[in-house]
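Dear colleague,

Please find below the structure that I am handing over to you. My notes on its disulfides and on one pair of helices follow it.

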Amino acid sequence: MRIVLLLLIPVFLFSAWQYTRREENENRLALVASEVALRDVDVSCPGFWMRLVEITPNAGWVSFDEDGRPSDETSLSASTCSSLEQVWRRKQRSFRCLLVGGCSRGTLDAVSGVVTLAHESWHLRGIIDEARTQCYAVQTAETVARSLGVAAGDARVIAVRIAADDARAPAGEYHSSECRPGGLYDLRPDTPDWPSG
């Protein structure tokens, strides 16, 4: 019995540490999502044991009820949560490689995490249409990055890269030709400040 207890103690300590770290990440991300959603919302990340068996093609998702009202929470995939945690914990320090290429997988995942958080936050705000939601996310990626602690210059680089990638994407469920300066989905058509909204 004593040996079993000695073996279980590290497992319990590890699980407690993982839980605390996940809660901290979820709370930090919820603050950012709430800024975009214009209401208090929650962010859910899978725990350590769930990450081991997670199989999802989605970086994030929000449920809507039959009347089109969004839930009060977005669920993010393990990789999205992890990459965003790297950003706000300052482990992902620079995004300048986006200007010249040669970025690491971690940097590209962080950029994807930023636009995913922005996208899901707009769903939490009540926007259902995916192309419109993505366009709004493109325009608020800089704000989201800044809220996560990214320096102003790097946040701008992230936003410009996301906007360039979106502009090259073919029109479809997640992309619209109206996602451009002066387009139908331009949040600030009266200013030339694209992609920031």
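**Disulfides and a helix pair**

The S-S bond of C135 and C179 has a torsion of about 95°, so this disulfide is right-handed. Its sulfur atoms lie 2.2 Å apart; a disulfide here is a pair of cysteine sulfur atoms within 2.5 Å. C135 belongs to helix α6 and C179 to the segment after α7 (152-168), so the bond ties together parts that are 44 residues apart in sequence. Helices (H or I, at least four residues) and strands (E, at least two) are DSSP runs, numbered from the N terminus.

Before going further, please note that this is a predicted model, in which local features need pLDDT of at least 70 and side-chain atom pairs count only at pLDDT 80 or more, while totals for chains, interfaces and linings use all residues. Residues are numbered from 1 along each chain as its sequence is written, and side-chain values use heavy atoms, with hydrogens and water left out.

Both cysteines of this pair are buried, C135 with a relative accessible area of 1% and C179 with 11%. Buried means under 20% relative accessible area, exposed over 50%, and partly exposed in between (1.4 Å probe, protein chains only).

The count comes to 3 disulfides. C45 and C81 form another one, with sulfur atoms 2.0 Å apart. The torsion about the S-S bond of C45 and C81 is about -90°, so that disulfide is left-handed. C45 lies in the loop between β1 (42-44) and α2 (48-53), and C81 in helix α3 (residues 78-88), so parts 36 residues apart in sequence are tied together. C45 is buried at 5% relative accessibility, as is C81 at 4%.

C97 and C103 are also joined, their sulfur atoms being 2.1 Å apart. With a torsion of about 115°, the disulfide of C97 and C103 is right-handed. C103 is buried at 17% relative accessibility. In sequence order, the bonded cysteines of the chain pair as 1-2, 3-4, 5-6.

Turning to the helices, α5 (residues 105-124) and α6 (residues 130-147) pack at about 125°, with their axes 7 Å apart. Axes are lines fitted to C-alpha atoms, for helices over the stretch in contact, and angles run from 0 to 180 degrees between N-to-C directions. The contact (heavy atoms within 4.5 Å) includes V114, L117 and W122 of α5 and Y136, A137 and V144 of α6.

With kind regards
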